Structure formats: C-alpha cells, structure tokens
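Hi everyone, thanks for coming. Please have a look at the structure on the screen, and then I'll walk you through some of what we can say about it.

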Protein chains: 2
Amino acid sequence: MENKVIYGDCLNEMKNIDSNSIDLIYIDPPFFTQREHSQKTRDNSKEFKFSDKWKSLEEYLTFIKDMLIESKRILKDTGSLFLHCDKTASHRLRCLLDDVFDSDNFVNEIVWSYKRWSNGKKGLLNSHQTIYLYGKTKEFKFKRIYGDYSPTTNIDQILQDRTKDSNGKSQYKKDKEGNIVIGKEKLGVPLTDVWDIPFLNPKANERAGYPTQKPLLLLERIINICTDEGDIVLDPVCGSGTTLVASKLLKRKYIGIDISKEAIDLTKKRLENPIKTESRLLEVGIEDYKEKSETEIAILKSLDATIVQRNKGIDGFLKKYYKDKPVSIKIQKSSESLEEAKRKLIEASKTKECKLMILIKTNNVREKILDKLNQKEDDVKIINSYELDVSKILSEL
Amino acid sequence: MENKVIYGDCLNEMKNIDSNSIDLIYIDPPFFTQREHSQKTRDNSKEFKFSDKWKSLEEYLTFIKDMLIESKRILKDTGSLFLHCDKTASHRLRCLLDDVFDSDNFVNEIVWSYKRWSNGKKGLLNSHQTIYLYGKTKEFKFKRIYGDYSPTTNIDQILQDRTKDSNGKSQYKKDKEGNIVIGKEKLGVPLTDVWDIPFLNPKANERAGYPTQKPLLLLERIINICTDEGDIVLDPVCGSGTTLVASKLLKRKYIGIDISKEAIDLTKKRLENPIKTESRLLEVGIEDYKEKSETEIAILKSLDATIVQRNKGIDGFLKKYYKDKPVSIKIQKSSESLEEAKRKLIEASKTKECKLMILIKTNNVREKILDKLNQKEDDVKIINSYELDVSKILSEL
DNA sequence: TCCAGAGATGAATCCACCC
DNA sequence: GGGGTGGATTCATCTCTGG
C-alpha cells in the first residue's frame with residue numbers, strides 16, 4: 001500500500017477503501033459548534049477556514065454516523081477507532097458509537113486536558129476535550145505504556161510481596177524467620193485515561209495556521225498505543241495533517257482525506273518537512289518522551305544555557321555570549337542524523353548572528369559513554385554529551 | 001428551614017419538597033455498573049452495601065429521569081444541579097439532562113481526575129469520573145474561584161496590557177513613545193473543569209467504610225462555586241453523607257435522603273462529628289514530594305531505574321533485578337562525603353535483600369568529567385556519574 | 001454459552017510508629 | 001517530640017473458573 005493524501009469528500013473516498021484493511025482510524029470531525037472557524041498563518045499570508053455550521057443536530061449526527069459505519073467496515077478486526085470531540089456533542093457521538101461499534105467494544109473515554117488562556121464566560125474554564133476509543137472487536141491491538149510511580153509511593157509498596165491474612169486483609173509477606181519477602185520485578189504505572197498534554201502554543205513553529213490543529217504529541221501517543229510499525233493509519237478529516245505527520249514520524253503508513261484543497265496542500269507541505277516542536281514522544285522502546293526532555297534539560301542546565309522550547313533547530317542558548325553574540329545549542333534527536341541536525345542548527349541560527357554554534361551529539365547517553373569522537377568543522381562545534389564543561393570548550397577555540 | 005436527614009425513597013421524598021426552594025442539588029446515583037457494592041468498616045465491625053443491579057438500561061434511565069424532573073421543579077431559578085457519573089452511562093445521562101433541563105442550560109462537564117492503584121485491564125487505566133453541571137436557568141448562581149498562574153507563565157503576560165493589531169492578532173500594547181503599558185491587576189487563573197483531587201485513601205480517617213464514598217474536598221468545591229452561606233443543598237442519594245458534611249462545614253443548610261437505614265445512621269453520626277482528612281498532598285501539592293533535581297532524575301533515567309522519593313538512603317532501584325534481587329542506587333549529595341553516602345545506602349538497603357548496591361559519585365556533573373576514580377568495595381559499587389552503562393557494570397562483576 | 005462468585009492484583013496515600 | 005519511614009487497606013477492579 002502507498003501513503004495517500006486525498007482531496008475529496010471523506011464519505012465517498014472511504015467507500016473506495018477495502019474492507020478489513022485499516023489498523024487505526026482517528027476522526028477529528030467538526031464539534032458541532034455552529035460556527036465558521038478560521039485562522040491566519042502567523043505571517044498573515046494565508047487564511048485557513050472550515051465551516052462547522054449545520055442545518056440541524058440530526059444532519060450533523062447523520063454525517064458522523066455514516067462515517068462511523070464506513071469506518072467499521074474498513075477496519076481490521078484488530079483495529080481501533082479514536083473519535084475526538086468536545087463537550088458540545090460528545091454524548092450524542094458516543095450514542096452513535098455504541099450503535100455502530102456496539103457498547104461492548106467501548107474501551108476508554110480519554111480526557112485530553114490542557115491549560116488555556118482564560119475567557120470571560122460564566123462557569124468553569126473549559127480545558128479538556130474527549131477522545132473515545134473503541135475496538136472493532138475484543139481482539140483490538142493495544143500496547144501498554146508504563147510511566148513513573150507517584151512521588152508519594154513508598155518503595156516498599158513496589159518491592160515487597162504480599163499475602164492475605166485470615167480476614168482477607170492484605171499484608172506484607174514474611175518468611176519463616178519473619179523476614180520480608182521481595183516480590184518480582186515491576187514495570188511501572190500503566191498510562192491512565194487522563195492525558196495532560198499542552199495545547200499547541202500559539203507561537204509554536206509546529207503551528208501551521210490551521211484552526212483546531214492538534215498537538216503532534218497527542219497523535220503520537222494514540223498511534224503508539226494501538227499500532228505497530230508498518231500499520232496503516234487513516235484520518236478521514238485530516239485538516240492540517242497532524243495525524244499523517246505523526247504516522248510518518250513513527251513509520252506507519254497513512255491515508256488522509258480532506259474536503260478542502262488548502263488543507264490538502266498544507267498537509268502535503270507538512271509531510272515533506274515535518275516540523276516537530278518537542279522531542280520525540282514515546283519512542284518505541286523503554287524511553288518515553290518525558291525522560292528524553294528531562295535529559296535534554298539536564299544537559300542544557302549543565303551548560304548554563306537558556307532553554308528554548310518549540311524550535312526545530314535550536315534547543316537553547318548559552319547564557320554567556322561568545323564574541324558579543326549568542327551561542328546557539330542543539331541536541332541531536334534520536335530521529336536525526338548528525339548531518340541533518342547540523343543543517344537544522346545552521347538554518348535556525350541564521351538570523352541570530354551566532355559566531356558559534358554547539359551541536360551536542362547524543363541520541364542516548366549510554367551509547368555515547370565510550371564514544372570519544374570530537375569533530376571540529378566550520379563554526380559548528382560537535383561535543384559529546386558528557387563533556388559538559390563549556391569554559392573548557394571555549395578556551396580551546 | 002431545618003436541616004434534615006431523611007430515611008426513605010428519594011423520589012417520594014422529593015415530591016414533598018416545595019417548588020423553587022433549593023439552591024443546589026448534587027446527585028451521585030448508582031453508575032449502572034450492574035453489580036453489588038459493599039465495603040466493611042476498617043475494624044470489620046460493620047458492612048455497608050448497596051445494589052446497582054437493574055433489569056435494563058431503560059429501567060435505570062427512567063429512575064434517573066424521574067429524579068431529574070423533580071430536581072428541576074424544586075430548584076430555585078438561581079439554582080444548579082450537579083450529576084455525578086462515570087463512563088458507564090455518562091452519555092445516556094447527559095441526554096436525559098438535555099431533555100429535562102434543556103441543552104441551553106448545560107454549563108460544564110467537570111472531570112474529576114485522580115491517581116489510583118492499577119489493575120490488569122487491557123486498555124488505559126480508568127482514573128476519572130464525570131460531573132455534569134446544569135443551571136436551572138441562565139441566572140444560576142456562580143462564583144469564580146481563582147488559582148495561581150502556572151510557573152511557566154511569562155511575567156510579561158500577566159503584567160502587560162494588550163491590543164489587537166490590524167489583522168486582529170493580539171499583541172502587547174505600547175504607548176506613543178513605544179514603551180510597554182502595564183495592565184490592570186489580574187485575579188489569577190480561573191478554576192478549570194478538570195479537577196485533580198486525590199481519591200479517598202484506604203487508610204484515611206475520613207473513610208467511613210461506605211463504598212464509593214467521595215472526598216469531602218470535591219463536595220466542598222462544588223458547594224463553594226454555586227451557593228452562598230445559608231443556601232439549601234439537597235443530596236437525594238446521600239449515602240455516607242459527604243455532601244451534608246461539606247454543607248455543614250461551609251454553613252449551608254442541607255437535606256439528605258437515602259433508602260438505606262445504615263447509610264442514614266452513618267450520615268447522622270458523621271454530621272455530629274465531621275472528620276476531614278488534612279491531606280498533606282493537597283496542602284503542599286505533588287511538587288513538594290519531588291525532592292530530586294533534574295540532573296538526578298536524568299541520571300536515574302539513563303540507568304533505567306525506578307525513582308524513589310522521600311528516602312534518605314536510596315534514590316532509586318534498577319528496573320532489572322540482579323541475582324533475582326533489587327539493586328539499590330544512591331546519588332552522592334553535595335553535602336555528603338563519600339563514606340557518609342555509602343553508609344546511608346547500606347543502612348537503607350538492609351531490609352531490601354540487595355545483592356548489589358550502586359553509589360554514584362557525583363556532586364556535580366561538570367566537576368566529575370575528568371575524574372576516573374572507580375572503587376570497588378564490599379557489595380557497594382561506586383561509579384562515576386557519566387559511566388551510565390549498567391550492563392557493562394553488571395558484566396564486570 | 002452465560003453468569004455468578006472466587007481469586008489475583010498492585011500502587012496510592014494517610015497513618016502510626018519509631019528513633 | 002518531630003521528622004522520617006514503613007504499614008495497612010482499598011478497588012463505581014479485572015480475570016478466571018465452574019456449574
């Protein structure tokens with residue numbers, strides 16, 4: 001199968017997709033706000049808009065239901081569907097889901113929670129949206145992701161084995177001599193259904209200017225928990241194409257459909273050059289996005305650097321200037337080759353008048369321990385992650 | 001009016017309440033789990049139970065709908081209703097609410113989010129419940145509560161005034177000389193609709209032994225935002241009486257109804273002597289439990305370790321066991337001598353059956369770069385902070 | 001095949017005890 | 001006695017087994 005970005009009506013186009021062929025469908029339909037949505041790109045060069053006005057709730061629900069029916073048909077038995085909505089019509093949509101997918105196949109009600117600028121509305125500040133997860137069958141694919149224990153958790157809770165006493169109450173297990181018994185290895189805490197993921201920053205580079213654009217982090221998490229590499233992801237209302245970008249970054253195949261020519265063009269552009277604001281989320285493997293950025297932060301702090309968020313090419317600046325100009329820093333991402341990282345750093349530093357740029361070569365601290373390579377080329381200084389002594393580097397120049 | 005705790009059927013008893021007389025109704029009905037719920041008091045002296053089994057969904061929905069209709073009748077025009085539910089039937093219940101209260105009077109979908117012990121379920125760990133807030137009319141009472149700004153909020157954003165430019169984009173206001181303009185005093189961040197409140201702890205004194213007991217803090221917040229002192233609060237399914245206890249503590253009048261005699265007795269007892277758990281977690285916040293620096297966390301994460309907070313001798317454990325036993329890790333603090341750190345690690349590891357302990361010699365990453373000291377003594381392995389390759393260390397033993 | 005009941009689970013968090 | 005550390009208890013659970 002080939003990746004596709006299709007300009008057309010989602011319902012018509014879905015009818016052309018084979019039954020039982022898709023691993024994951026993410027639908028982010030209009031929320032029934034009864035409004036036009038529009039947003040300009042940050043340079044005001046372009047305005048994207050889509051209409052979320054409907055004759056009636058019934059018309060809206062029929063539109064969604066038809067899409068759900070097609071979705072079920074084309075999903076594999078191990079496939080799953082995520083329907084993204086908000087409080088406006090979430091309850092109605094879930095009733096449709098129960099009808100089409102059967103309430104037995106309901107898996108989770110995911111709450112995407114974010115912080116937001118306040119408004120003047122009476123009532124509580126809305127700061128969440130809802131994502132329903134349904135499997136096509138009970139055999140839907142699901143990969144557990146584990147996180148850290150709560151800081152309040154006692155180590156004994158994790159280490160010690162337990163039994164029940166005669167009253168059925170749980171207590172620590174003791175051997176014959178009265179010593180404690182250590183239990184088996186633990187994996188960590190399973191991911192919960194409340195996801196605290198920052199809303200797309202209004203100034204983020206990731207922001208393409210498309211209204212209702214979703215953070216890449218959110219889509220990456222969705223794709224990670226329900227698909228493997230090589231699986232096929234469909235977004236029938238792809239908008240600015242975040243789902244497809246996430247699929248591409250995570251080596252999944254993708255099909256995107258949108259009724260707006262502008263959206264399709266934007267999606268294609270983003271796919272050519274995916275801009276990612278934050279470090280890779282939930283890499284396949286043990287590490288999740290959090291530890292990655294914590295490592296990066298630790299490295300930047302050791303360098304006494306100002307941390308720059310949401311910039312594709314620069315992760316920070318030294319607090320001290322070099323030759324009266326700022327020194328930009330980039331930490332190589334695991335998804336980037338060294339050359340690629342270098343190119344991005346140079347590109348992003350262009351307007352900053354940097355006389356020195358530092359590229360930190362480190363996908364993984366452990367891999368780098370014995371790697372003593374220390375190249376010098378042009379104005380880019382490549383250092384290994386453990387050589388965190390800036391003054392030494394500067395004095396060697 | 002007098003406070004009342006009524007033993008009886010909620011629907012019958014509500015019919016005896018005057019129209020337009022109640023300021024707030026909080027309903028925490030069965031969630032349609034189709035199960036019996038029971039729990040013993042901690043001293044095993046008493047068992048509380050209630051049934052959540054129904055012939056059909058329709059029977060359940062009819063029961064709730066009747067209660068909603070009565071609720072609307074007895075609410076004042078400035079009154080409001082909170083309906084507490086979970087994913088099982090939340091969508092169905094909200095459809096009822098839209099019918100009875102009208103969708104125009106929908107105010108908020110509140111997410112009560114909490115941390116919970118895990119279980120073996122496929123899918124994400126459920127860790128939230130939903131509370132719907134409807135006003136009887138648009139004139140419902142609502143008092144805004146403000147919180148602190150997020151630590152990441154730029155001070156300029158709080159202090160400076162804003163205008164819109166010609167394209168309608170917001171920007172900082174400047175006076176004629178181009179100086180920034182300081183805006184008016186801000187109140188803080190309004191309370192959002194996602195409430196992070198700890199689940200009632202199994203050992204908390206506040207726990208009365210009643211199943212599904214809600215935390216007092218949750219009810220206090222609800223009562224605070226929608227009523228004034230002296231207002232009347234009704235809980236037609238009062239269970240262990242948390243709503244009434246909160247009302248009493250906040251000087252509101254209250255009416256509670258329950259069909260279980262045991263529940264009524266418990267409620268009366270709690271009202272006589274309200275116990276509120278002073279949660280340290282709530283008082284100081286989760287951040288206060290985190291005592292590790294970012295660097296320490298980065299080091300532990302590189303080692304693939306579980307992080308341990310609030311232990312003076314152990315900072316973490318390797319996720320992988322060594323000789324079937326946990327491996328404790330300590331990172332030397334800048335205030336500690338190596339000997340001191342070692343002593344603490346050994347002491348704290350005593351009861352953990354560790355066959356190996358790792359002491360990381362590092363006050364400061366930068367200071368250690370050229371320090372190649374690598375001692376081996378007893379069962380304590382001392383490594384330098386940058387030698388973060390566990391497999392190598394283990395293979396050398 | 002369906003349902004009820006028994007059994008396993010495992011970390012969060014307040015509490016109580018112990019120096 | 002006050003700060004720190006280990007213990008207890010829970011499941012608007014989940015899974016499995018047997019009739």
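Of the 397 residues in chain A, 55% are buried. Buried here means under 20% relative accessible area, exposed means over 50%, and partly exposed is in between, using a 1.4 Å probe and the protein chains only. Before going further, a word on where this comes from: this is a predicted model, where local features need pLDDT of at least 70, side-chain atom pairs count only at pLDDT 80 or more, and totals for chains, interfaces and linings use all residues. Residues are numbered from 1 along each chain as its sequence is written, chains are lettered from A and ligands numbered from 1 in the order in which they are written, and side-chain values use heavy atoms, with hydrogens and water left out.

Back to chain A. It has 11 helices and 20 strands; these are DSSP runs numbered from the N terminus, with helices being H or I of at least four residues and strands being E of at least two. If we take contacts in chain A between residues at least 6 apart in sequence, 65% of them join residues at least 24 apart, where contact means heavy atoms within 4.5 Å.

Now two residues with backbone angles to look at. Asn20(A) is not a glycine, yet its phi is positive, about 50°. You'll find Asn20(A) in the loop between α1 (10-15) and β2 (22-27) of chain A. Its relative accessibility is 44%, so Asn20(A) counts as partly exposed. Gln34(A), also not a glycine, has a positive phi of about 55°, and sits in the loop between β2 and β3 (35-40) of chain A. Gln34(A) is partly exposed because its relative accessibility is 32%.

Let's move to the DNA.

Finally, some polar contacts, meaning pairs of N or O atoms within 3.5 Å. In Trp117(B), a side-chain N or O atom is 3.0 Å from a base nitrogen of DNA strand C. For Asn201(B), a polar side-chain atom lies 2.5 Å from a base oxygen of DNA strand C.

Notes: A polar contact is a pair of N or O atoms within 3.5 Å; within protein, one must be able to donate a hydrogen and the other to accept it, and residues adjacent in sequence count only if both atoms are side-chain atoms.
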